[in-house]
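Open the model in your viewer and keep the sequence panel beside it. Each stop below says what to select and what is there.

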Amino acid sequence: MRKFLLLIATYLLLSVPALSAPDNGPVVEWVSNNSRVKPGSAITLTYRVTNRSESEIRLIPEPVLPEGIRLAIPPKSITVLPGSSKIETLTLAVPQGYPGGPTSLALNLRDPNGEGRIHEMKTELFIETTDRLTIELIDISNPVMAGEEIKASYLLKNNGNVKRRININAFQCNIITSPQVELQPGESAVIRTSVKTNKELTTVTTHSMSIQAVVNEDISVRDYQTVRIFPTVESREDAWFRFPVNMSARYLGRGRENDFVSGYQFEASGSGYLDESQKHKLEFMARGPDNRDLSFLGLYDEYYLSYKNTFSETFVGDKNYQLTPLTENSRYGKGAEQIFTTGKGSRIGGFYVEPRFFRNITHEYAGFAEIMAGRGNSVGVNYLSKKLAGTGEEAVLMSATAGLKPFRETLLDLEYSRGTLLGKTDDAYRVFVQSRQRFFTFSGNLINAGEFYPGYYTNSVFYYGNLHIRLTNHLSLNLVAREDFSRAATDTLLMTAPYSRMYQASVNFRLNSNTDFRAYYMNYNRQDRNVIKQFDYSTESMNLWFGQNFTRFGYQLGTELGKTENLLPAIGAENSITSYRLSMNIQYKPTYTFSLQGFAYYSNVNSFIADGQKDLYFGGSAYGQISRNLSTNIQVQNAYGIEDYYRNRNLFQLSLDYSFLKRHKISAQSYYTIFQRQVSNPDFSFSLSYSVKFGVPLKKQRELGAVRGRITHSDGQPAKGLVVFTGGSSAITRDNGEFYIGNLRPGEQQLIVDRSKLDINDIPDVKLPKAVLVTDGGETTIEIKIVKASTVSGRITIDDSQLPAGVVNNRKPSVGNLVVEIQGEEEQYRVLTNPDGSFRFSRLRPGNWTVILHRGNLDPRYVPVKDQYKINLGEGDQENLDIVVQARSRNIIFSETPVRITTGAGQATSTEKEEKPVKQTAEERPGIWFGVQTGAYSRKPDNEPKLGPDFEPVMEYTSNGLYKHVSGSFTTLRDARRYATLIQRTLPDAFVVAFEGHKQITLKEALDKMKQEP
């Protein structure tokens, strides 16, 4: 055995020198530490070549690169002396949009003197991920006639380098295409939306809508559009300034246990200004008789009159009178109030009220003064006296308030009050604070009323506090403490509102803009306030909540597990259980005018704390705009918890509203309701109401004007039977082509000719809608000619002839889904190219037009040969364009020795040393143009700045004895500045320069000369 081990050891000892002995050839190794690179930039890899032989060696580098990555600087041949080392570099350019993640490459060093022996080195690059979405409007129906559909299409593109699943959210419109798309890097998709307009519109109005593309809360983009809608319904312009009034009548019915009662109620109300300058406002209400007994659908009778101007407010009648939260938070009754104000917001006033529903008080009168102290600060004093019914005793309260803003995002609302009743004096105080800081938000409210304090609250202490701490963009903490605050939020009429106390600590995680998760601890107690308590329990639990919301669908799931103690157990019953709750909410919105919601809730706590309670609650609701005139709302719920007995609870609710004849409306409502302090025997009630709105004329504002015009064809023949709209009115052209529209409001009106009455190839010679100035009591004339529409079509083609000799482009750019725009003097249109690069613009007016290919969706390796194409269209012309795009030209500096570049597929190209360097010079182009200066040198540089493969070519010119380099050529300063922003990421000192032809001028001179151009 020992002999065997000795033999192995001897063999290894002899083998080590042999393994480590230097080879006759070179040793090559990577020495770079950085292998991360951003798309659109270059990276330099460093390697060492060591010559361990006794003779000089010469190596030729042959990079093997992944497809799409190319050399920024061609490497030169390497010569290394015997026994020495040499550091060499390999600079690579990664194009914009190159897919993120790891990718492998190799560097072969060929030794021509060693019979072609190749020394291979491999390494891995990590391409950093980039995220950028763009959304661009392609086409939109603007303007539209009332009743037509607003249709819009957008081009959404993933300009990042990773595949993304993108959610599309629509606001005030409906998505026709899929609400979710998945795009590869550089891929685009067309998003289409639509919305139906109201055909009953009588005035020109606007509709605002937007769509949002969202990956997560950090990656989103949004587009806003506003569309003008022109009425098609006749509306006579009103020359009078009117006060708006509403009249209504209501029939009510209530049934319970085979007992049915009914009644009527009438109402007249108005709210509006008495003058055109809107300095005097009047409101009034007269409603009766009192029908409170007919469920809560039957409103109580109410009468009031209110007048406001710049410096005062006067009110007489029924309403909720308020002083301060401590003295009198809300007291409904009949009374009067007078307030005087200053321009800076200071106020002084008082009121007198006889409470209607709180019979322990016969009357109250109060006075107050509040002074604004600047920068959002204020101080005030208040006085309140109220006489108690029965005893005739009077309670007197004084209060001081302060509204402070100590910091920019911090508010303090403070109050201290002292009151006397029956010879006993006590006090109360209130503190409210709200602060929004960079990393946290806090809000809190504390009210403490003494045992003998005779204010709105007596012998009460309750508080609420909420602290939200944002740790990161996705993670936050929340702390909540609350005691008895459900009572504090109600009128003292609801003294039986349950006592509640709750402490909660939660961790919130937002995965993205659509997904939220929350885990939280809760400790809470709820207790009945009635003399004979129906429930009193406390729970300590852990909770999980998860929710997702998409464009049309959303849901929330909740779970709770803990321990609940029943503080009112029956004799011999268990007083503690392991409690749990499960909840689910679902929302579905098929269109932006219709929505559905549903919920389900299950818990073993309900039947544990009170007899006869259900463990499962469920329900749902639906809201819909069935038509422009009809809307509905329906809600259903099977049961409610015992804790909600202090309020009205609807088991079923149905509402219908139908509008007609512009100002008339019919409403129907029905309820199946369990009333306050009841747990069974629900009531059925319903109401049917009719209302009409009208205006009381106060003053004639103006004399109305008129528009008279004539529409003819291009041959001079009259165009009869065309419908013309303006100012909400319309007319039909007569046999001679003339029309007349009267009773129009003075000012600028928009005139439209109904397109449906025109032939498919006919178009007005002016852009519609056309602005028409209507004068006060005057008549405006207008002439319109109907001409034959023109058409511009074309195709995008690829020209690779500018590529250097021997270079083959294996990845042809796509010519589909490119945005082509045509601009006229007053209008512009966009279309997307077909997969074969073809496009078409139809129904164009004769005149001068400019066609532009947008580069946003074009392969960044290519640019249009021309920035724009100008066309003069005659009537009925059909023009065809061939828009050529070609590979971006580069500054190429060839090495002295051939360099072989091998693609991943094994293809190779070479450059020969006798080829001369190629450099683009600044061309002389007419007119004003802008570029970005990248460098200025006292002597001619050998190499240009390395901007990366996706920038414009660098042009060279001399000025003031300097050699200057300029990249890009733009017709507008805005485009040049955008391009400069991109270059400044690599060259921070780059800046925009202006030229007139080949002569450099200042930016101011360029802008001044552009203003003078016709």
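Partly exposed means a relative accessible area between the cut-offs for buried, under 20%, and exposed, over 50%. Keep that in mind on this tour of a predicted model.

**Stop 1: colour by confidence**

Start with pLDDT. The protein's mean is 84, and 88% of its residues reach 70 or more. Now select residues 488-494. Here the pLDDT is below 50, and the stretch has 15 contacts in the model beyond near neighbours in sequence. Go on to residues 890-924. The pLDDT is again below 50, with 78 contacts in the model beyond near neighbours in sequence. Where pLDDT is low, predicted coordinates should not be read in detail.

**Stop 2: Arg-48 and Glu-29**

Select Arg-48 and Glu-29. Their side chains form a salt bridge, with N and O at 2.9 Å. Arg-48 sits in strand E3 (residues 41-51) and Glu-29 in strand E1 (residues 26-30), so the bridge ties together parts 19 residues apart in sequence. Is Arg-48 buried or partly exposed? Its relative accessible area is 28%, so Arg-48 is partly exposed. Glu-29, at 37%, also counts as partly exposed.

**Stop 3: Arg-110 and Glu-62**

Next, pick Arg-110 and Glu-62. They form a salt bridge whose closest N and O atoms are 2.6 Å apart. Arg-110 belongs to strand E8 (residues 101-111) and Glu-62 to strand E4 (residues 57-65). The two are 48 residues apart, and the pair links distant parts of the chain. Arg-110 is partly exposed because its relative accessibility is 23%. Glu-62 has a relative accessible area of 6%, so it is buried.

**Stop 4: Arg-795 and Asp-836**

Arg-795 lies in strand E53 (residues 790-799). Asp-836 lies in the loop between strand E55 (828-832) and strand E56 (838-844), 41 residues away. Arg-795 is partly exposed at 38% relative accessibility, and Asp-836 is partly exposed at 40%.

The model's salt bridge count is 36.

**Stop 5: the largest nonpolar core**

Select Ile-150, Tyr-154, Leu-156, Ile-166 and Met-209. Among the 29 residues of the largest nonpolar core, these touch the most other members. Several strands each supply at least two residues of this core, including strand E12 (149-158), strand E13 (164-171) and strand E17 (205-216). In soluble globular proteins, nonpolar side chains tend to be buried together.

Centre on Ile-166. Beyond its neighbours within four places in sequence, Ile-166 contacts Leu-133, Leu-156, Pro-179, Gln-180, Val-181, Leu-183, Ala-213, Val-214 and Val-215.

Then select Val-28, Ile-57, Tyr-98 and Leu-125. They are among the 23 residues of a second, separate core.

**Stop 6: Asp-426**

Finish at Asp-426, in strand E30 (residues 424-436). Which side chain of opposite charge is nearest to Asp-426? It is Arg-418, 5.9 Å away. Asp-426 is buried, yet has no salt bridge, because a salt bridge needs a side-chain nitrogen of Lys or Arg within 4 Å of a carboxyl oxygen of Asp or Glu.

Now show the backbone of Phe-452. The Asp-426 side chain reaches the backbone nitrogen of Phe-452 at 3.0 Å. Leaving out residues up to four places away in sequence, Asp-426 touches Ser-417, Arg-418, Gly-419, Gly-450, Glu-451, Phe-452 and Tyr-453.

Definitions and conventions
Residues are numbered from 1 along each chain as its sequence is written. This is a predicted model: local features need pLDDT of at least 70, side-chain atom pairs count only at pLDDT 80 or more; totals for chains, interfaces and linings use all residues. Side-chain values use heavy atoms; hydrogens and water are left out. Helices (H or I, at least four residues) and strands (E, at least two) are DSSP runs, numbered from the N terminus. Buried means under 20% relative accessible area, exposed over 50%, partly exposed in between (1.4 Å probe, protein chains only). Lys and Arg count as positive and Asp and Glu as negative; His and the chain ends are not counted. A polar contact is a pair of N or O atoms within 3.5 Å; within protein, one must be able to donate a hydrogen and the other to accept it, and residues adjacent in sequence count only if both atoms are side-chain atoms. Contact means heavy atoms within 4.5 Å. A nonpolar core is a set of buried Ala, Val, Leu, Ile, Met, Phe, Trp, Tyr and Cys residues joined through side-chain atoms within 4.5 Å. pLDDT is the predictor's confidence in each residue, from 0 to 100.
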